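I opened my notebook to look up a few things in this model. Here are the entries, in the order I made them.

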Amino acid sequence: MSITYLEAIREAQAKALAEDSRVFIYGQDVGAFGGAFKATKNLAQQFPGRVIDAPISEDAMVGLAIGAALEGLRPIVEIQFADFSTICFNQIVNQAATMYWRMQIPCPITIRLPCGGTSGSGPFHSQSMEALYAHYPGLVVMTPATVEDAFSMLLEAVAIDDPVIFCEHKFLYYHLKAESLPREALPTGKARIARAGRDMTIVTYSAMVHESLAVAEELAGEGTEIEVVDLRSIKPLDTDTVMASVARTGRLLCVGEAWPWGGVTAEVIARVASEGLNLLDAPPQRLNAKDTPVPYHPNLWAAHRPTAHSITIAARNLLRL
Amino acid sequence: MLRSVASQLTENEGAVQPQAFLEAYRWMLLARILEDKLASLYRGGKIHGGVYLGRGQEALSVSVGQSLRKGDFFAPLIRDQAGRLAFGEPLVDAVRTYLGSPVGPMRSRDGNVHRGRPKEGIWPMLSHLGATIAVVNGVLLARRLKGIRGSVGVASLGEGGTSTGAFHEALNQAAIEKLPLVLVIANNQYAYSTPCTRQYACANLVDRAIGYGVQGHRLDGTDLVECLRVVGGAIQRAREGHGPQLVIGELLRLCGHGEHDDAGYIESRLKQSPLGRDCLSLAKMTILERRWADHPQLETWRQAAFKQVENTIIKVQHEPPPDPYQEDWTVLASRHLTEMAHLERTSS
Amino acid sequence: MTQIPLIMPQLGESIAEAKVVSLMVKIGDQVEADQDVIEVETNKAIMNVTSPCRGRLVRLVAQLNESYPVGAILGFLEVSKVDAVRLGLEDRPRAVSASTPETDSASPVREPEDTRRQTVQPTVRGLPVPAHVGGASYMSPRLKARMAELGLHAADVASIAGSGAAGRVTIEDFEHFLANLERHKLTAASSMRVAVADAMRRSWTRPLATVGLPICLDALLAHRKTWEPKPGPTLYGLRALALALAENSAPAGRLVGAQIVHPSSIDVGFAVEAADGVLVPVLRQADKHPLRELNLRYNELVELARRRQLPADATGGSIATVTNFGTFGLTWATPIPLPEQTLVLGMGCGRRVPHWDEGQGQFVPITEANLTLSFDHRVLDGGAAGRLLTRIAVLLAQPEAL
């Protein structure tokens with residue numbers, strides 16, 4: 001029996017609904033239809049009245065979640081595509097994220113954002129938004145890369161008393177499978193060493209973890225051992241694990257699917273440069289998507305974001321520095 | 001059919017009681033005296049940031065606060081001092097928040113009108129107008145899911161706030177869910193310096209109610225009798241399950257947008273029209289005409305309000321300002337997820 | 001009675017100042033709390049400044065049509081102590097200084113400061129930012145940190161052949177090097193040795209060259225015999241060098257950037273071997289004292305140096321050094337000038353050699369020794385160095401004039 005990344009998300013929601021009566025799901029097409037990606041398939045039938053269809057009103061959807069959280073409920077809001085979250089950006093960063101700071105009342109909402117590109121999805125169905133939310137104080141931002149993490153981290157997101165932006169990757173939904181769901185997991189805030197290495201550290205998150213692992217496999221054949229660090233949550237960011245890895249290898253390559261300016265890769269390098277410059281044997285490098293909107297055509301899309309191929313080139317360059 | 005809906009309430013719905021009227025008047029008086037004093041403090045350089053008054057809107061505002069019950073939910077706008085007091089917000093909250101006291105409800109982290117006590121039913125205002133309405137919806141929906149019946153949520157707004165997408169989304173959402181939401185719109189003719197003609201193109205804002213599938217009410221916002229009757233009636237309707245109510249009170253803003261603004265753009269013909277009447281003076285006249293109280297009684301109340309305001313201000317002025325070194329600079333309830341050590345190294 | 005100030009309020013979030021357009025009261029007037037006293041104009045509106053308390057206006061600083069920043073003092077009110085206490089005004093008021101409107105409100109009253117603004121120049125102009133630095137001299141931050149830990153310099157690891165990009169020394173090369181050292185016999189270097197090593201390493205950062213000249217020592221040796229105690233040949237060389245530099249001090253100048261720093265006093269040092277290293281005592285103003293006077297002092301210093309008892313004022317501050325490598329039996333050497341000096345004069349040992357005498361038409365025996373001058377080639381060229389050396393040789397040929 002194997003379970004996909006998407007099924008893991010559904011299982012997590014089912015478990016949350018079953019075990020905590022305060023949980024409900026609110027989003028477009030989530031009810032009888034089961035969600036645009038089927039992340040809530042059958043849940044409305046299993047849990048009547050707790051999987052509610054929303055109008056196309058992202059602002060009001062998140063606002064409603066905040067009010068419900070004030071009343072003690074634990075809403076999960078499904079935004080159909082992360083790209084649409086710019087509509088509810090105000091509610092997230094100005095009401096949800098400031099609630100504890102201004103009112104000393106926690107805001108335990110979970111916003112699920114299907115992020116990242118798939119072939120042909122185009123500029124408004126492909127974005128990676130994590131850096132925008134990480135920039136604002138008051139939010140937790142998760143970027144699960146594995147089926148196991150998609151399951152456990154979503155459960156933890158619901159349990160956390162603060163607003164959590166849960167960035168699920170659409171490409172991984174049906175491409176990634178696992179044998180079973182985990183019973184335990186690393187806590188939020190801890191990064192995972194996806195592959196141990198010696199010659200270079202690749203720090204990355206979400207779908208790029210798998211591209212990086214492919215690169216590590218390839219270069220292992222040449223005698224180079226690359227360590228891959230999966231950040232899992234980018235806020236809080238596990239600086240200690242990153243630093244320890246760089247201490248072991250002396251070389252750092254950060255890979256992200258988002259745009260370069262002020263992204264996760266910039267943040268990681270800033271931290272390593274200011275707190276661990278003397279660990280570096282070469283200037284730290286990063287690889288991101290091209291600084292343009294995400295293109296539609298598969299040929300262009302393939303060249304727009306980092307792939308195993310482009311990461312390999314960057315890694316080889318770094319080894320030569 | 002599009003016709004101006006004055007009010008869908010019957011004659012007898014919400015007929016006003018003298019006791020309620022006098023109580024409302026006293027809240028209005030207290031609000032007015034407090035705000036005059038706040039304006040003075042502002043001009044004396046004692047307040048950081050802006051001061052936003054509700055002069056001219058007290059009747060509409062107090063009607064909301066007075067008609068709501070304990071346990072209801074209220075998201076006020078910036079000019080709701082009277083309504084807040086009537087709903088139960090302590091006077092000292094306003095003074096503390098304006099003077100930035102760390103003992104106030106926002107603990108110096110937010111100021112002036114951006115204050116509230118969410119657990120006690122008052123949602124702190126934020127400047128992204130319309131954004132608070134969905135929060136009220138959320139509270140009401142959550143109560144419904146929890147099986148709690150009979151509460152009402154009110155969101156106050158100005159006519160300017162009705163132009164935002166957030167307003168539209170939230171009213172639409174409330175209508176779909178048939179929530180007991182009452183939207184009280186104070187149409188004070190100006191959003192800062194922008195007149196109504198630049199804010200909406202329909203003949204009357206209340207006409208929008210039909211478009212949303214909700215009940216609409218329009219009233220003279222300067223007349224406390226009208227206000228208590230219509231606002232009280234709308235709230236009652238919502239409580240009885242008739243779905244969202246849209247209440248438009250027509251009045252005129254009798255002060256600047258903020259105290260930094262001299263409102264020189266307000267047309268004098270409006271100031272001289274019935275719209276420009278001071279609701280507080282009108283209410284006082286009503287009291288005297290109907291002999292619900294006499295001059296000496298009114299004077300006694302005025303002095304009591306003055307004393308209360310003055311004493312509160314003196315008390316708060318003696319409270320120390322926040323100490324940044326004693327402040328807990330934490331944004332997450334989950335302490336273990338805050339990057340404290342790292343942040344201390346890299347920020348001031 | 002207490003005096004409290006009237007402060008220009010913040011009349012709008014982005015307002016920084018306002019202009020006084022009307023004074024509604026005059027000095028001596030009694031005012032009530034909240035009474036309008038001064039009318040001001042911001043770029044948004046005309047507003048009134050109100051009195052915070054009942055009192056008497058005793059001083060008016062504000063002038064008509066003048067602009068004042070937020071927080072500026074506009075005047076002073078005399079108020080009763082009772083009122084001041086009741087309204088919490090008896091403390092230093094929470095006025096804000098004109099130049100720092102963001103500071104906390106508890107700071108004391110200050111007169112509006114001079115708001116002269118300093119222009120800030122960008123500090124980073126064309127700093128080299130090596131994007132992909134490679135090459136034999138590149139040491140990564142990690143390598144530098146490791147070397148700093150062990151107290152090593154680039155000179156110490158010059159022997160490591162780098163296996164990294166463009167021949168740079170990698171951390172692996174370095175660790176191998178260190179591991180390799182462990183296999184050899186290691187003894188601790190004395191502090192004297194380490195100090196000399198550091199001085200020589202620093203000196204060698206300059207381009208050094210040497211010129212040389214054989215001189216006939218006979219006159220000097222004859223002169224020397226007549227004295228007790230006998231002056232060392234080093235002293236003759238020192239005195240000759242001093243006189244030559246007194247005639248022209250430029251060769252002993254130091255180059256700092258684009259400037260030549262001229263010596264202010266002809267203080268010349270001389271090398272004395274002591275234990276594990278070399279000490280350099282100094283004869284001050286050697287140009288002003290004849291040989292006879294210098295001799296006593298010279299011998300004193302040599303003795304003190306040998307016993308490692310040189311006082312602090314007897315070393316340092318010399319502009320050139322003399323070293324007699326002839327005492328080791330050497331005929332030729334190229335000493336290294338001290339890092340703070342441009343010149344070192346070297347003297348080799350005398351040997352009996354045949355010298356062609358043109359007058360006599362035959363070889364005659366003379367005692368000959370080599371003089372060398374090692375110098376910082378940035379300050380001197382061969383010509384100037386040669387001229388100096390020649391002058392010294394001429395002076396040494398007439399020892400009685402020294």
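Two residues are in contact if their C-beta atoms, placed from the backbone, lie within 7 Å. I kept that cut-off at hand, and I also noted that this is a predicted model.

**Entry 1: chain C**

I began with the contacts of chain C that have a separation of 6 or more, and found that residues 24 or more positions apart account for 62% of them. Next I looked up the secondary structure of chain C, which comes to eight helices and 19 strands. I then checked burial: of the 402 residues in chain C, 29% are buried.

How is chain C divided into domains? The assignment gives domain 1 as 2-86, domain 2 as 141-186 and domain 3 as 208-401. I also looked up how far apart two of these domains of chain C sit, and the C-alpha centres of domain 2 and domain 3 are 40 Å apart.

**Entry 2: chain B**

Among the contacts of chain B with a separation of 6 or more, 75% are between residues 24 or more positions apart. Burial came next, and 53% of the 348 residues of chain B count as buried.

Why did I call the radius of gyration of chain B that of a compact globule? A compact globule of 348 residues would have a radius of gyration near 20 Å, and chain B has 21 Å, so the value agrees. For the overall extent I noted that the C-alpha trace of chain B spans about 65 × 50 × 40 Å along its principal axes.

**Entry 3: where chain B touches chain A**

I looked up this contact from both sides: chain B puts in 36 residues and chain A puts in 37 residues. Which elements of chain B give two or more residues to this side? I found helix H5 (131-146), helix H6 (165-177) and helix H12 (340-346) of chain B. Of these, H5(B) gives the most, with 11 residues. I sorted the side of chain B that touches chain A by class, and it has 19 nonpolar, 10 polar and seven charged residues.

Note on methods
Residues are numbered from 1 along each chain as its sequence is written. Chains are lettered from A and ligands numbered from 1 in the order in which they are written. This is a predicted model: local features need pLDDT of at least 70, side-chain atom pairs count only at pLDDT 80 or more; totals for chains, interfaces and linings use all residues. The radius of gyration is taken over C-alpha atoms; the globule rule is 2.2 Å times the number of residues to the power 0.38. A residue is buried if 20 or more other C-beta atoms lie within 10 Å of its own, exposed if 12 or fewer, and partly exposed in between; C-beta atoms are placed from the backbone. Helices (H or I, at least four residues) and strands (E, at least two) are DSSP runs, numbered from the N terminus. Ala, Val, Leu, Ile, Met, Phe, Trp, Tyr, Cys and Pro count as nonpolar, Asp, Glu, Lys and Arg as charged, and the others, Gly among them, as polar. Domain bounds come from an automatic or database domain assignment.
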